[in-house]
Every structure is written in C-alpha cells, then in structure tokens.
Number of protein chains: 2
Amino acid sequence: MRSNNWDAVIIGGSDPHSSEYPAPRWKQVEWVSGFTGEAGDIVITLDHAGLWTDTRYFIQANRQLEGSGIVLHKTRVPDQILIPQWLSENAFPEKESVNIAIDGLCQRVSDIEELKSAFGEDTTVRIVSIPDMLDAIWQDRPAVPVTPIIELADEQVGESSDDKIDWLRSFIRKKGCNSMLVCALDEIAWLLNVRGSDIEYNPLVISYLIITEEEVRWYTRESYDDIYVAISENCGKMYVDPDSLNYHIYTMLPKESIVLGPSPVALRKAVKNEVEIESMRDAHLEDGLAMEKFLFWLETSLENGEQVDEWEASVKLSELRGEIQGYAGDSFETISAYGPGGALPHYITPKTNAPKLIRRGLYLCDSGGQYSFGTTDITRTIPLGPCTRMEMEDYTLVLKGHINLAMAVFPKGTAGCQIDAIARMPLWKTGRNFGHGTGHGVGFFLGVHEGPQDIRQNFNRQALLPGMIVSDEPGIYREGLHGVRHENLLLCKEAGSSEFGEWLDFETLTLCHFDTDAILKELLNNDEIKWLNDYNERVFRTLSPRLPAEIALWLRDKTEPI
Amino acid sequence: MRSNNWDAVIIGGSDPHSSEYPAPRWKQVEWVSGFTGEAGDIVITLDHAGLWTDTRYFIQANRQLEGSGIVLHKTRVPDQILIPQWLSENAFPEKESVNIAIDGLCQRVSDIEELKSAFGEDTTVRIVSIPDMLDAIWQDRPAVPVTPIIELADEQVGESSDDKIDWLRSFIRKKGCNSMLVCALDEIAWLLNVRGSDIEYNPLVISYLIITEEEVRWYTRESYDDIYVAISENCGKMYVDPDSLNYHIYTMLPKESIVLGPSPVALRKAVKNEVEIESMRDAHLEDGLAMEKFLFWLETSLENGEQVDEWEASVKLSELRGEIQGYAGDSFETISAYGPGGALPHYITPKTNAPKLIRRGLYLCDSGGQYSFGTTDITRTIPLGPCTRMEMEDYTLVLKGHINLAMAVFPKGTAGCQIDAIARMPLWKTGRNFGHGTGHGVGFFLGVHEGPQDIRQNFNRQALLPGMIVSDEPGIYREGLHGVRHENLLLCKEAGSSEFGEWLDFETLTLCHFDTDAILKELLNNDEIKWLNDYNERVFRTLSPRLPAEIALWLRDKTEPI
C-alpha cells in the first residue's frame with residue numbers, strides 16, 4: 001500500500017455479479033480475514049483493518065476475527081457508520097486527496113458512487129481499480145467455476161425464454177435504448193430458463209448477458225471473458241442496472257452510450273406465474289414429507305438412546321431431501337444448532353466434533369432444498385425434551401409473531417416494511433426482539449434470497465404483489481443459551497375487494513407441523529390457537545397419505561390440537 | 001392568461017409561510033373554487049381547471065365543485081397524478097416551452113423545484129411569479145391579520161427563548177452559516193415563546209424571523225414587509241429551509257450566500273420538555289372535564305326530549321371549554337356530525353339548519369382546545385341510541401385498532417410508518433380501512449398538526465422519540481350511513497431496556513371515557529378488554545373528584561367494566 005501510495009484498500013465481499021453468495025474464487029474476505037459470514041467487507045488503511053458486517057454475524061465475527069487485528073464494525077444497528085462515512089469522516093476527515101484501491105470486479109458501481117459522494121468537495125478521491133487484485137498474492141486462488149448447464153422446459157417454468165426476452169426488449173425500447181447488459185446471475189438464469197451449479201446452493205451459471213434488438217449474447221464458460229470486448233463493441237444505447245454492475249465493467253463502458261437504471265427483471269421474476277406457484281406448492285409438499293421423516297427419525301433416534309450430533313442430523317436431512325426426484329442440492333447450508341448454537345442466527349454446524357443433541361431444551365434447524373420444480377426454506381425449533389420457562393416463552397412468543405404475520409390481510413400497495421411490526425409486536429411487548437429481517441423473497445429454483453420485496457424494518461417501498469413469495473421467520477436469540485426461529489414460506493395472494501379497497505393475504509406454502517410441546521397456551525389468543533391447530537391439521541391431512549404408516553401415526557399425535 | 005402568454009396558472013392553497021391553515025387573505029383556493037377543504041391546489045390551463053386534494057376531502061370537493069367546471073384530481077391514492085406530473089405529462093407532454101404563472105408568495109421553493117424537474121430536458125419551463133397575483137381581481141381581499149401578541153413566561157414553556165436561540169445559533173455555526181431565515185410560523189412562535197391569534201385555531205403571529213450571530217430580527221406587524229429589504233442586506237451565509245420558504249422570497253435571496261437545508265426547529269419543538277409534558281397532562285385533564293360535561297349534557301338533553309342539532313352541540317362544547325382558565329379558543333373547527341355527516345372525515349357542521357341528533361345510531365365529535373398550557377385533540381363517536389350491527393362492528397373494530405396502537409411497545413428508532421399497521425390490522429382483516437393517517441404530531445399551545453413525526457402509511461423515516469405527542473385516530477367511513485373515529489393523544493415515553501434493546505411506549509394523555517354501549521365484546525380479546533376497562537376506570541378516578549356529583553355518578557355508570 002505504501003509503495004503504491006494507497007491510503008485504503010477495500011476488499012469487497014461479492015463477486016463480479018454482485019451475488020449474495022460468491023463462488024470460492026471470490027471469497028476474498030474469508031481469505032483475508034478468516035471470517036466466513038455471508039455478508040462482509042474489509043477496509044484496510046495504514047493503521048486500521050476493519051470488517052463491516054451486520055447483526056446476523058456479530059457473534060461469529062467476534063470469534064473468527066479474534067487475534068487477527070481486524071476490528072468489527074457493526075452494520076444494521078442504529079448508530080452504524082458505514083464504510084463511506086467511516087473513510088470520509090473517521091479515517092480521512094481532513095485529507096485533501098485520498099487514494100482508494102479496490103478490485104473493481106468485486107465492487108458495485110453504486111457502492112463506489114456512494115463512497116465518492118461521502119467525501120466533501122474539499123477532498124479529491126481517486127479510485128484505483130485493479131481487477132483480480134488478490135491474484136498477485138493469493139497463490140492457489142480457485143478458478144471461475146464451470147458446471148453443467150441445465151435447460152428448463154417452458155412447461156416447467158410457465159413462460160418461454162423468448163417471451164421473457166420480448167418483454168425485456170419492449171422495456172429497453174421504452175427506455176429509449178437499443179440493448180441491455182444483464183449482470184445479475186439470477187436474472188440471467190430466469191431470462192434464459194437455464195440453471196447451473198456454479199455457486200454452492202445457488203443454481204446459477206456465472207455469465208454476462210447482452211440483449212440487443214436482434215441478438216441474445218450470452219457470455220459464459222469459454223466466452224466469459226469476451227464480455228470485455230463485447231461491451232466496447234457498438235450496442236447502441238445500452239441499459240444497465242448499476243446495482244449489479246461491477247465497477248470494472250462500468251469504467252470500460254462508453255459513458256455517452258449507457259443509461260443506468262434499475263433492472264425490471266428482479267420484480268417480474270419475483271412475481272411467480274401460475275406454473276411456478278403450483279410447482280412451488282409441490283416442492284413444499286415433497287419438502288414437508290422429508291422434514292416430517294427427519295423429525296420422526298430425530299425423535300425416535302433420541303428416544304432409543306442413539307447418539308446424534310448436529311452434523312449427523314444435518315446430513316440425515318440432506319439425505320432425505322436427496323431422495324426427492326428433481327432434488328438439485330440444498331438451498332443453503334443447513335443450520336443445525338442445538339442449544340447455544342441456535343443463538344447464532346447463521347450458525348455454521350461443525351463437520352467434526354459437532355455438539356450432541358440432548359433430550360432437553362431446543363434444537364433449531366434451518367434448511368431448504370433446491371428442486372427442479374422449486375426452492376424451499378424452512379426453520380423448525382424442536383423441543384427435544386423438557387424446556388425451561390424462558391425457552392417456552394421464547395418459543396411461544398416467536399410463534400405468536402409468526403402466526404400474526406401469516407394471518408395478516410392488507411390493502412394492495414402495502415410494502416413489507418409496513419407490516420413487519422405485525423410479527424414483532426408480540427416480542428416487543430415483552431422486551432424481546434431479533435436483529436434480522438422478518439422475511440425475504442425466495443426464487444423459483446433460484447436464490448433462496450431474492451428481491452426486490454422483503455419484510456423488515458427498512459423503508460423498502462416495494463409493494464408486496466400477488467405471486468410473490470416471502471419467508472416469515474421471526475426469532476429470539478439468547479447468547480450462550482438458545483435460539484428460537486419459526487419459518488414458513490408465504491405466498492402473497494389476492495383476497496378479494498370491498499368498498500374500502502382491494503385486499504391481499506398470505507397462503508402458507510410450507511408444510512411441516514409446529515411442535516406443540518413447548519407452547520405456553522396462555523400466551524396465545526383464540527385466533528392464534530385456531531390458526532395453529534388448523535395449520536397442523538392441514539399438514540397432517542396433506543402429508544399423511546404419502547407417509548409410511550408409522551410416521552403418519554406419529555404425525556397424528558404431534559398434530560393434536562392444543 | 002392568453003394576453004400574458006401563460007400556459008398554466010397555479011393557485012396554491014398555502015400562505016407565504018407554508019402554513020397548513022392560511023388566514024382568510026390566503027384562502028385563494030376557496031375564493032377561486034368555493035372548495036373549503038384544508039388542503040388543495042388549483043391548476044388552470046386554457047382548456048382545463050382542476051383541484052388537487054386528498055382522500056379526506058373527496059366527498060366534500062365533489063359537492064363543492066359541482067357546476068364550477070373544476071375537475072377533482074385525487075391525491076394520496078395509489079394511482080395519483082400530482083400537479084408536476086400532470087402538467088408535464090398530461091397537459092404539455094410535447095411542448096417546447098411552458099409558461100406557468102404562480103403567486104410566488106404562496107408556493108414553496110421545494111414545490112416549484114419539483115415542478116420544474118418534472119419536465120424533461122426538451123421542455124423549457126418559465127415560472128412567472130407574481131406576488132399577490134389575485135389582488136388585481138379579488139376586490140375585497142382581506143388584509144394581513146394583526147392580533148395581540150402573547151408572551152409566554154419561561155416557566156410556562158420550560159425553556160427561555162434565549163436558550164432556544166443559543167441552541168439554534170450553534171446549529172447555524174455547525175452548518176458553516178452566519179444567520180438563519182425562519183419562515184414557518186410555528187417555529188417562530190416556539191423560538192420566541194410568543195403566541196398570537198392571527199390564524200383561526202392556530203395561536204400564531206404572522207411574521208418572518210432572521211437570527212444572526214448578534215441579533216434576533218423579527219419582522220411582524222408594521223415591519224412585516226421589511227423582510228424584503230432585510231434579506232437583501234448582508235447576513236453572511238444564511239441558512240433557510242426550502243420546505244417553508246416561499247418562492248418569491250427565494251428569488252430575492254442572493255443565491256451565492258444561502259444554504260438550503262431542513263430546519264432543526266421542527267424536530268426539537270416536537271420533543272416536549274418536562275414542563276410542556278406536565279402542562280399537557282393538565283390540559284387533558286381540564287379538557288376531559290369539559291368533554292364529560294358535554295357528553296352528560298348531550299345524553300340528558302336527548303333523554304329529556306330536547307332538540308339538539310349538530311351546530312348547537314358544537315357550540316355547547318366550545319362554551320364548556322371556554323370556562324377553562326387559559327382557554328384561547330378551539331384548536332380547530334369542531335366536527336360535530338350525526339350519522340351520514342360522520343362519513344366525511346372533515347365534515348363542516350352547518351351553522352344553520354344543521355342535522356338534528358336523533359336517539360339512534362352514531363354521533364361523531366372531533367374537537368380540541370387551545371389553552372395557554374397546552375393543546376388538545378379528541379374524537380369520540382357516541383351511540384345516541386340503538387345501533388345497527390354494522391355500526392357496532394365498525395365502532396368496535398376501530399376501537400380495537402385504537403387500543404392496539406395505544407398498547408404498542410417498540411424499540412428506539414422505530415418510525416411511525418412502521419407501526420401504523422398495528423392500528424389498521426383489525427380493520428384490514430375484515431376488509432375495512434380508512435383513507436387518512438392514523439396519527440399526527442400535536443404542538444404545545446401551537447398547531448394541532450405538527451411534524452416531523454406521524455403515524456401513517458408513508459415512508460417518513462422520522463423515529464418516534466420520547467417526548468413526542470401523536471394522535472391515535474383510526475376510523476371507518478361509510479358514505480351515506482355513518483362514520484366512526486376514536487381519537488386520543490399519546491405521549492411517546494421511555495419504557496426501559498432489556499438485553500434486546502431500549503424500548504418506548506405510549507402514555508394516553510386524553511381523559512374521556514369510551515362509550516361501551518356500541519361495543520361487540522366478542523370482537524375484542526382479553527388484553528383489549530382489559531385496556532378498555534383500565535382506561536375507563538382511570539378516566540373515572542381522575543375526573544370524578546372535579547365533576548359535579550350528578551355527572552360523577554353518571555360517569556361511574558358509563559365506565560362500568562365490560
């Protein structure tokens with residue numbers, strides 16, 4: 001840094017496509033710091049090294065950064081100081097010129113613009129962008145992954161790629177452009193009706209896409225690097241979304257011929273069509289069968305005195321999902337966490353010497369499957385035996401919050417941030433809260449996290465639309481003790497109209513009973529009890545015909561009304 | 001318009017200080033159109049005349065505009081087209097240059113900037129600003145009002161004007177400025193600890209204020225117009241809030257020496273100090289006594305077969321408030337509305353031939369007082385006799401929403417828009433809703449509406465802070481039938497901390513029982529019933545010692561637990 005006259009180096013936590021989960025080649029933050037959380041950026045100055053990450057990873061970051069000299073900077077907290085503000089106000093408040101080195105491939109244009117504008121007029125900011133910056137010092141850096149490409153039939157996804165491209169072309173024309181550069185991998189997969197497995201848990205194909213008036217040019221595999229040449233060729237006025245565009249590509253684009261704006265693909269992709277919805281229902285039925293087999297196995301194994309640890313449980317669950325036709329892997333790394341492990345919302349289950357499951361207290365299991373016909377994401381918190389009063393209160397109040405959101409009805413136009421408090425109020429009233437969002441969008445055989453909608457304490461104006469899928473996953477985390485999270489996926493649906501407007505509500509897609517052993521019934525009101533009993537009954541009726549008799553009988557017992 | 005080559009004229013609904021309620025001199029929209037709603041702007045082009053107003057006034061506007069040729073344009077609806085967009089896209093989509101005439105005194109800078117930016121690069125927009133434009137054609141236009149100025153003692157408001165000015169000067173210095181121009185009348189009143197009665201219901205003094213490093217220059221009464229000279233004098237770098245600055249003054253300010261930014265006064269004023277809070281509690285006690293006397297009078301008068309109409313009831317209530325020491329008028333025009341009148345959220349009670357109150361159905365009364373020691377705002381919906389099932393459902397569900405918000409607990413940092421749904425969900429679940437906000441800020445012997453906080457379906461990021469006062473006023477309006485609104489004022493308060501954060505909740509300031517006759521108990525859960533019974537009991541215990549025995553006994557009966 002000194003020899004190059006760099007004041008700061010930023011190591012971004014993303015890949016050239018702004019993916020939430022980068023392939024190993026781009027796990028630069030982990031390589032530099034040892035931190036394995038799914039969100040984090042590192043800034044190094046001559047006298048400071050810091051990792052910025054959010055509430056989900058505070059405990060994990062503190063542990064993984066220990067002894068590294070890297071300081072944790074907390075984000076998504078009320079007094080957060082983000083990287084742009086930290087650099088401009090804390091690191092270099094008076095400096096006339098600041099040189100910041102980045103790997104332009106791993107930084108979004110919008111982030112760099114924000115960074116620049118954080119500095120006042122009195123400071124000149126020079127961004128030194130070095131693509132693949134770490135290549136020079138990261139000896140065994142993995143290559144860009146190459147996996148088989150899966151083409152999905154139109155009947156599987158409900159809309160042909162041609163129709164999607166036609167729709168996008170009419171958007172491009174409306175914007176007065178001739179072409180569009182698409183960088184977001186899930187948008188490319190959706191547009192082309194293709195999937196891959198370039199990134200673990202994410203059925204994506206690492207690539208760029210250019211749609212022109214006549215052509216669909218897909219830069220992937222051996223042609224991946226051709227994008228650098230392609231963008232300098234004449235594509236007329238080109239539309240690009242700065243939120244998924246990397247800074248390196250941006251600097252190469254002729255400024256006079258690009259139009260920056262939000263991609264319309266994310267929103268259209270988020271609104272599932274009838275084929276996708278029906279398939280997602282199927283996926284949740286199959287997934288629910290695997291879940292119930294897993295929960296039955298877990299309970300009987302422990303009852304029989306068998307030793308089961310967190311890792312073994314997680315392997316068993318993946319095996320059961322693996323038996324489903326069309327299974328394409330898990331949708332993220334299973335969080336299999338007994339007791340104190342559950343207090344880390346994004347706990348990583350150790351492969352060796354994992355904590356044993358014991359017949360008391362709570363076991364939290366957050367998992368999901370990728371199937372050729374849908375994506376699932378479910379969390380169950382299971383009382384493995386006697387629970388403390390606090391465990392039962394936490395269990396019940398989180399369920400109360402979950403149920404309240406699941407029962408919500410709201411007018412068209414309502415955004416997730418406007419109903420997030422519905423899930424939180426039962427916790428808030430007892431001084432409880434959780435540091436993550438209540439809900440995220442979920443893709444169709446695509447990312448388990450997708451936008452643009454969410455349900456959280458932000459000010460995201462995106463309305464919830466019929467056809468969108470969101471998770472409903474409030475939680476409580478008590479460091480050193482236990483964690484509780486109850487998660488189902490919800491489908492946003494039309495719910496009729498009245499003289500006061502048009503209404504939406506949720507259909508719960510996930511099919512797996514909630515254990516009633518840890519419930520303190522007096523903390524639920526009649527509506528909530530009815531919802532719970534109805535849901536468990538629906539789970540039993542839907543799943544039992546396809547379960548082995550022994551498990552069906554067990555499920556009958558587990559779903560007795562409270 | 002033709003002779004001046006004007007393409008459009010905008011008649012703004014505000015005064016030179018962006019006041020929500022203008023003095024008669026600036027009721028230009030009413031003079032032009034006959035529309036008397038509290039919010040509205042008129043645009044006239046050569047082939048169209050339109051009034052833009054929000055959900056609160058649709059019914060009223062339709063009636064008042066009948067036969068005028070002026071078309072209602074609805075705002076605060078999902079598909080709203082606001083004036084800038086309407087002018088740029090609907091009226092003059094292709095025009096190369098557009099001349100728009102305004103009275104610059106009655107248009108905010110921010111509105112005009114928005115208007116200009118709505119037009120694309122291909123259109124040249126010329127704003128022709130003519131101060132007091134209507135003087136030429138409005139013969140008997142009222143003058144700028146002049147009323148006695150009331151100076152409040154430091155003990156009455158808890159903070160001296162000198163201290164407030166010192167605080168503001170340190171803000172001005174932090175912004176790198178030497179002076180500040182304050183145009184908002186409530187900010188001026190708060191800073192100087194003065195009140196007036198220049199505007200009905202609003203204890204304000206029409207004036208401008210310039211704070212320099214050494215001086216406090218107040219332009220009011222005979223010196224009001226001196227502001228035009230003053231702003232051209234050297235005040236160094238001057239800070240101005242564009243949201244309360246009128247366009248005429250703005251055009252006169254030397255651009256190189258002004259800094260535009262939000263005024264910090266509104267937020268500080270909204271957070272009441274201990275003296276203000278204690279006085280507001282007193283004001284609500286006194287106001288509650290007047291309300292209970294009113295409700296007793298109303299019930300007994302009707303029982304005795306006396307004829308009471310809406311207007312007489314409203315006069316009686318003002319008289320009862322008038323008996324309170326320190327009463328300085330009502331805080332807005334009482335909405336005294338029987339049956340169908342209640343369906344208009346901002347019904348104007350006719351002074352003559354007002355509808356009679358009949359001993360069946362619902363009577364809605366929304367009123368408030370200005371006292372030297374506080375401001376109140378309360379709505380009660382009173383069953384005057386037998387009610388229909390629908391009236392009782394509406395009554396109970398609105399109360400359910402009201403109670404849920406009153407019981408809310410939330411973490412520090414929460415904004416009103418994040419908890420608005422708490423009050424609405426009981427309505428939404430039954431297909432009901434209301435078109436106005438759930439809550440607005442309330443001043444201390446100042447405007448009954450004040451920012452920056454509110455509780456509504458917007459994306460206002462202003463957190464609710466301890467010391468802020470907000471209304472809690474959900475409603476249901478059924479055109480031609482009835483309206484229900486239940487409104488108390490709430491004080492936002494600290495509610496302790498836990499390992500999960502710091503908590504806030506509400507103290508209900510308003511003291512007046514909710515009638516239980518129209519309640520369908522089965523629609524309330526146990527927590528809600530307990531809140532209601534506790535509240536009514538608190539009202540009885542607090543007020544009864546100061547009520548005549550006969551009314552105290554009546555109130556004992558009215559507050560029997562359900």
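In which sense do strand β3 (residues 48-54) of chain B and strand β4 (residues 71-75) of chain B pair? These strands of chain B run in the parallel sense and are joined over 5 bridges, where pairing requires that DSSP find at least two bridges between two strands. Helices (H or I, at least four residues) and strands (E, at least two) are DSSP runs, numbered from the N terminus.

The model is a predicted one, in which local features need pLDDT of at least 70 and side-chain atom pairs count only at pLDDT 80 or more, while totals for chains, interfaces and linings use all residues. Residues are numbered from 1 along each chain as its sequence is written, chains are lettered from A and ligands numbered from 1 in the order in which they are written, and side-chain values use heavy atoms, with hydrogens and water left out.

Within the strand pair of chain B, Asp54(B) has Thr75(B) in β4(B) as its bridge partner. Together with helix α2 (residues 58-64) of chain B, β3(B) and β4(B) form a right-handed β-α-β unit; a crossover is right-handed if, with the strands pointing away from the viewer, the path from the first strand over the helix to the second runs clockwise.

Elsewhere in chain B, helix α11 (residues 274-303) holds Leu285(B). Beyond its neighbours within four places in sequence, Leu285(B) is in contact (heavy atoms within 4.5 Å) with Leu511(B), Thr542(B), Leu543(B) and Arg546(B). Pro345(B) is 60 residues away from Leu285(B) in sequence, and their C-alpha atoms are 26 Å apart in space.

Chain A contributes 31 residues to the contact and chain B contributes 32 residues. About 2800 Å² is buried between chain A and chain B, with 62% of that area given by carbon and sulfur atoms; buried area is the accessible area (1.4 Å probe) that two parts lose on being put together, summed over both. Gln418(A), Phe459(A) and Phe500(A) supply 27% of the area that chain A buries against chain B, more than any other three residues.

Between chain A and chain B, 4 residue pairs are in polar contact, both at pLDDT 80 or more. A polar contact is a pair of N or O atoms within 3.5 Å; within protein, one must be able to donate a hydrogen and the other to accept it, and residues adjacent in sequence count only if both atoms are side-chain atoms. On the side of chain A that touches chain B, β20 (409-411), α14 (420-428) and β24 (475-478) of chain A are the elements that give two or more residues. The largest share, 4 residues, comes from α14(A).

The search of the whole structure finds 75 salt bridges over all chains, each a side-chain nitrogen of Lys or Arg within 4 Å of a carboxyl oxygen of Asp or Glu. Across the interface of chain A and chain B there are 2 salt bridges. Arg478(A) meets Glu499(B) at 2.6 Å, N to O, and Arg478(B) meets Glu499(A) at 2.6 Å, N to O. The latter pair crosses from strand β24 (residues 475-478) of chain B to the loop between β26 (488-498) and β27 (501-508) of chain A.

Some backbone details remain. Most residues other than glycine have a negative phi, and most peptide bonds are trans. Asn193(A), although not a glycine, has a positive phi of about 55°, and lies in the loop between α7 (185-192) and β9 (194-195) of chain A. Gly451(A) and Pro452(A) are joined by a cis peptide bond with omega about 5°, and Pro452(A) is placed in strand β22 (residues 450-455) of chain A. In chain B, the bond from Gly451(B) to Pro452(B) is cis, with omega near 0°, and Pro452(B) is found in strand β22 (residues 450-455) of chain B.
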